[in-house]
Amino acid sequence: MKRTVEPYLWLLFSGGGVVAAFVLPVLVLLFGVLMPLGLVDWPTAEHLRALAGNVLVRLALLGVVVLCLFHAAHRIRFTSEELLGIARFDLVIAVVCYGGAVAGGVVAALLMF
């Protein structure tokens with residue numbers, strides 16, 4: 001039986017979906033609604049520097065970014081193949097989508113570290 005990377009891509013898609021469903025709405029609520037309305041105080045620059053100085057926080061943020069990128073890449077891949085009827089270019093589409101997610105993850109890692 002031929003082994004493929006497809007189960008791992010579905011795993012990244014699933015993980016990205018969980019992150020997108022649970023983490024991103026909280027961040028949008030905090031930084032997009034509650035803080036601009038003045039219901040929650042904005043963090044100070046020193047607090048953000050101390051928070052971003054922690055390696056675990058940077059790794060967690062990198063995980064959120066990478067998983068969301070792979071989730072988006074998977075959705076874009078299969079949506080474009082189904083809606084546009086270009087499934088015959090599956091390999092090219094997969095390389096572009098997942099390559100973009102890997103490139104975005106590398107850029108995020110370089111910016112965070």
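These are my notebook entries on a predicted model of one protein chain.

**Entry 1: the whole chain**

I started by counting elements. The chain has 4 helices and 0 strands, and from the N terminus on I read the order as α-α-α-α.

Next I looked up the overall dimensions. Along the principal axes, the C-alpha atoms fill a box of roughly 55 × 30 × 20 Å. I also checked the radius of gyration, which is 18 Å for this chain, while a compact globule of 113 residues would come out near 13 Å.

How much of the chain is buried? I found that buried residues account for 19% of the 113 residues. The chain exposes about 8000 Å², and 75% of that comes from carbon and sulfur atoms.

I then turned to contacts between residues at least 6 apart in sequence. Of these, 69% join residues at least 24 apart.

**Entry 2: what the record says**

I looked in UniProt, where an unreviewed entry lists "transmembrane region" for residues 7-31, 51-70 and 91-112. I compared two of those spans with the model. Residues 7-31 are 100% helix and 0% strand, with 35 Å between the end C-alpha atoms. Residues 51-70 are 95% helix and 0% strand, and there the end C-alpha atoms lie 26 Å apart.

**Entry 3: helix H3**

I checked both ends. At the start of H3, Asn54 has a side-chain oxygen within 3.1 Å of the backbone nitrogen of Leu56. Just after H3, Gly85 has a positive phi of about 65°.

Which residues of H3 are buried? My list reads Leu62, Val64, Cys68, Phe70, His71, Ala73, His74, Arg77, Ser80 and Glu81. I jotted down a reminder about spacing here: an α-helix has 3.6 residues a turn, so residues three or four places apart point the same way.

What do these buried residues pack against? I found helix H1 (6-37) and helix H4 (90-112).

I picked His74, Ser80 and Glu81 from the buried list of H3.

His74 came up first in my notes. His74 counts as buried because its relative accessibility is 2%, and the cut-off for buried is under 20%. Leaving out residues up to four places away in sequence, I see His74 touching Glu6, Leu9, Trp10, Phe13 and Tyr98.

Then I moved along H3 to Ser80. Why does Ser80 count as buried? Ser80 does so because its relative accessibility is 16%. Its side chain reaches the backbone oxygen of Arg77 at 2.9 Å. Again setting aside residues up to four places away in sequence, Ser80 touches Gly85, Ile86 and Ile93.

With residues up to four places away in sequence not counted, its contacts are Ile86, Ala87, Asp90 and Ile93. Ile93 was on my list for Ser80 too.

**Entry 4: across to helix H4**

From Glu81 I took a distance to Ala94, 13 residues apart along the chain, and got 9.9 Å between the C-alpha atoms. Ala94 belongs to helix H4.

H4 has 23 residues, and its first and last C-alpha atoms are 32 Å apart, close to the 33 Å expected at 1.5 Å a residue. The buried residues I wrote down for H4 are Ile93, Ala94, Cys97, Tyr98, Ala101, Gly105 and Ala108. What covers them? The cover includes H1 and H3.

Back to Ala94: its relative accessible area is 13%, so it is buried. Not counting residues up to four places away in sequence, Ala94 touches Arg77 and Gly99. Arg77 is among the buried residues of H3, and its backbone oxygen is the one that the side chain of Ser80 reaches.

My last look-up was a longer step along the chain. Ala94 and Ala20 are 74 residues apart along the chain, and their C-alpha atoms are separated by 21 Å.

Notes
Residues numbered from 1 in each chain as written. Predicted model: local features only at pLDDT ≥ 70, side-chain atom pairs only at ≥ 80, totals over all residues. Heavy atoms only, no water. Buried < 20%, exposed > 50% of the residue type's maximum accessible area, 1.4 Å probe, protein only. Helix = DSSP H or I, 4+ residues; strand = E, 2+ residues; numbered from the N terminus. Contact = heavy atoms within 4.5 Å. Polar contact = N/O pair within 3.5 Å; in protein donor to acceptor, adjacent residues only side chain to side chain. Rg over C-alpha atoms; globule rule 2.2 N^0.38 Å. Areas by Shrake-Rupley, 256 points an atom, 1.4 Å probe, with all protein chains shown as cover. UniProt positions renumbered as here; feature names shortened; annotations may be inferred. Expected span 1.5 Å × (residues − 1).
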